[in-house]
Every structure is written in C-alpha cells, then in structure tokens.
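Please keep the coordinates at hand while reading.

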Amino acid sequence: ISKNCNIPIIVVTMLSDNKEQEVEQKKIIKENSDIVIEIEREKDFSQIEITNSKNNTRIISCKFDNTLCEFIEIK
C-alpha cells in the first residue's frame, strides 16, 4: 500500500547481540527495504552507513567527530 500511495515507511530496530542472528536480521531487513541506514555506536565514535539495499551500493558513510560535534563523511 505504501508504494502505491507513495508513502515512506520508517522502521527503527535494535538488532540482536548475537552475531549470527544479527546477520540474519540484517539480511531480512535489506531484502524488504529500498534504503537502509545503519547506525553503529562504538566506544569512541558513532558511525552511520546509508546503503541502497536493492543493488547494495554505499551512498554515504560518516563518523561523528566529537571535537566539531558533527558527522564527517568517510571516503
């Protein structure tokens, strides 16, 4: 219905801590999405990865710079 009416749907989920389950969950999400935004938080920075799920191409990858208080693109 959302595609027919051109209405975007945004879903937020926290994946499992189990790596095998996480891989399976990511696979299911990517198969059923047009664009996926992954946010991974490490101890010292946060990273954002935006990919086109249909052809698995990276659109942008950023990390948070605490000194500048902004996300900077990783090239």
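**The largest pocket and selected residues**

The largest pocket holds about 1300 Å³ of space. A pocket here is an open set of points, on a 1 Å grid over the protein atoms alone, where a 1.4 Å probe fits, with protein on both sides within 12 Å along at least five of seven lines. Grid points are joined across faces, edges and corners, and the volume is the space filled by probe spheres set on the points. The model is predicted: local features need pLDDT of at least 70 and side-chain atom pairs count only at pLDDT 80 or more, while totals for chains, interfaces and linings use all residues. Residues are numbered from 1 along each chain as its sequence is written, and side-chain values use heavy atoms, with hydrogens and water left out.

The lining of the largest pocket comprises 31 residues, a lining residue being one with an atom within 4 Å of a point. Val11, Ile29, Ile35, Val36 and Ile37 lie nearest the centre of the pocket. By class, the lining contains 13 nonpolar, six polar and 12 charged residues; Ala, Val, Leu, Ile, Met, Phe, Trp, Tyr, Cys and Pro count as nonpolar, Asp, Glu, Lys and Arg as charged, and the others, Gly among them, as polar. Strand S1 provides the largest share of this lining, seven residues. Helices (H or I, at least four residues) and strands (E, at least two) are DSSP runs numbered from the N terminus.

Glu22 belongs to helix H1, residues 19-31. Because its relative accessibility is 16%, Glu22 counts as buried, the classes being buried under 20% relative accessible area, exposed over 50% and partly exposed in between (1.4 Å probe, protein chains only). Beyond its neighbours within four places in sequence, Glu22 contacts Leu15 and Ser16, where contact means heavy atoms within 4.5 Å.

Ser33 lies in the loop between H1 and strand S1 (35-41), and with 17% relative accessibility Ser33 is likewise classed as buried. Its side chain reaches the backbone oxygen of Ile29 at 2.6 Å. Ser33 also touches Ser53 and Lys54, residues up to four places away in sequence not being counted.

The segment before H1 includes Asn6 and Val12. Asn6 is exposed, since its relative accessible area is 68%. Most residues other than glycine have a negative phi. Asn6, however, has a positive phi near 55°. Val12 is exposed as well, with a relative accessible area of 78%. The C-alpha atoms of Val12 and Asn56 are 20 Å apart, and the two residues are 44 residues apart along the chain.

Key: Polar contact = N/O pair within 3.5 Å; in protein donor to acceptor, adjacent residues only side chain to side chain.
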